[in-house]
Amino acid sequence: MKLMDHRKRILILVCTLFACIIGVSAMHMPSESVNASQIKWGDYIKREPAWYGSSEGIKFADMLISKQKPDGGWQKDMDMKTNGWWKGSTIDNSATTSQIIVLAKTYKATGNDKYLKSCLRGIDLLLDGQYENGGWPQVFGADGSYHAHITYNDKAMVRVMDLLRKVSRKEGDFAFVDDSYASRASAAVDKGVQCMLNTQIISGGVRTGWCQQYDENTLQPASARAYEIESISSAETAEIVQFLNKLDNKSPEVVNAIESAVKWMDDVKITGYTWDKKSGDKGLQPGTADDVLWARFYEIGTNKPMFVDRDGSKHYDIQGISKERSTGYAWYGKWGCKLIETGFVKK
């Protein structure tokens, strides 16, 4: 009996060790069947330069090339099993922009032209896929759906413009681009900035912030998912302001857009409360005088925080929507705190 117990302990130990080895391997390298939205892109973009030339880095870059779509972009679901509009290349959830950055770093580390060609194909999609009015869709080729809307949601368009700004300046990992790419990228950024200025919401004659998405033809605030309706979004406003502030030689129009948005953020901030997403159905909880929050959505015209359920119904109290939605979305956040910390908003 004791011998049998000893063997069982050894077997359990071996199985545990094997599981750990498999787990560590999975942490370091996504499988060939991988969802782009599940990859922690920051982990792959911020690695030491030598990693991109390592066998592991090259294997990862080769996997990205194998998943690149004919138009030069990438799906969120790189398994390519997604149906509907999500079958198209997208800038949602860091897709396409992240692959371009990794491939640029891999080319820099290896000098292998296949990474250069794949990277440039991705950049070409971003340049060619920009609307004439300066915006970018969430999903390329998704005409007739909300995915075709100009999309600021979750930094989608800001992420594209950050990348193209680096290309235009031949900055960092994009020092290899030629003058033609730099010039095209510079023009794209200028058009994107003008789109931002043209889509800033004016309420009561005053510039405020931005909606998550806009109709690609009329430039009017538009809905996306049922619970993402027309509104002024504090998260997207904060991200746009931070991008605009990076620009060199800001025009008076850009300065006015920044100052107006920052004033709006200051006007609608919520102080003295905290919010926990996991228990979001309980609403705001009393905090300290130093606690500052913003609602994700504010009603255009009234600046009232608003919350929307899956059926599209609008509420002014988070406790009025279903628990699934109240705990399943970032209804409050500290998005404006970055602006406060850098001095754009007075406490």
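Helices (H or I, at least four residues) and strands (E, at least two) are DSSP runs, numbered from the N terminus. With that in hand, let's start the tour.

This is a predicted model, in which local features need pLDDT of at least 70 and side-chain atom pairs count only at pLDDT 80 or more, while totals for chains, interfaces and linings use all residues. Residues are numbered from 1 along each chain as its sequence is written, and side-chain values use heavy atoms, with hydrogens and water left out.

**Whole chain**

Begin with everything shown. Of the 347 residues, 48% count as buried (buried means under 20% relative accessible area, exposed over 50%, partly exposed in between, with a 1.4 Å probe and protein chains only).

**Stop 1**

Select Lys155, which sits in the loop between strand S1 (150-151) and helix H6 (156-168). Is Lys155 buried or partly exposed? At 30% relative accessibility, Lys155 counts as partly exposed. Its phi is near 70°, a positive value in a residue other than glycine. Most residues other than glycine have a negative phi.

Now jump to Ser94, in the loop between H3 and H4. Ser94 also has a positive phi, near 70°, but this residue is buried, with a relative accessible area of 17%.

**Stop 2: helix H3**

Select residues 55-67. This is H3, whose 13 residues reach 19 Å from the first C-alpha to the last, close to the 18 Å expected at 1.5 Å a residue (the expected span is 1.5 Å times one less than the number of residues). Colour Gly57, Phe60, Ala61, Met63, Leu64 and Lys67, the buried residues of H3. They cover an arc of only 155° around the axis, which puts them on the same side of H3 (the arc is that of the directions from the helix axis to the C-beta atoms). Their cover includes helix H2 (41-45), helix H4 (97-110) and helix H5 (113-128).

**Stop 3: helix H7**

Next, select residues 179-199. H7 has 21 residues and reaches 30 Å from its first C-alpha to its last, close to the 30 Å expected. Its buried residues include Tyr181, Val189, Cys195 and Met196. What caps the N-terminal end of H7? Asp178 does, with a side-chain oxygen 3.1 Å from the backbone nitrogen of Ser180.

**Stop 4**

Go to Thr237 in helix H8 (residues 234-246). Thr237 is buried, with a relative accessible area of 0%. Not counting residues up to four places away in sequence, Thr237 touches Gly209, Trp210, Ile232, Ala261, Trp264 and Met265 (contact means heavy atoms within 4.5 Å).

Then pick Ser260 in helix H9 (residues 252-268). Ser260 counts as buried at 14% relative accessibility. Its side chain reaches the backbone oxygen of Asn256 at 2.7 Å.

**Last stop: a sheet**

Show strands S6, S9 and S13. These 3 strands form an open antiparallel sheet in the order S6-S9-S13 (two strands pair if DSSP finds at least two bridges between them). Strand S6 (270-271) and strand S13 (332-333) stand at the edges, each with a single partner strand, so one side of each is left without a neighbour in the sheet. Finish at S9 (residues 292-295), which 2 bridges join to S13. Here Ala295 stands opposite Tyr332 in S13.

Notes
Polar contact = N/O pair within 3.5 Å; in protein donor to acceptor, adjacent residues only side chain to side chain.
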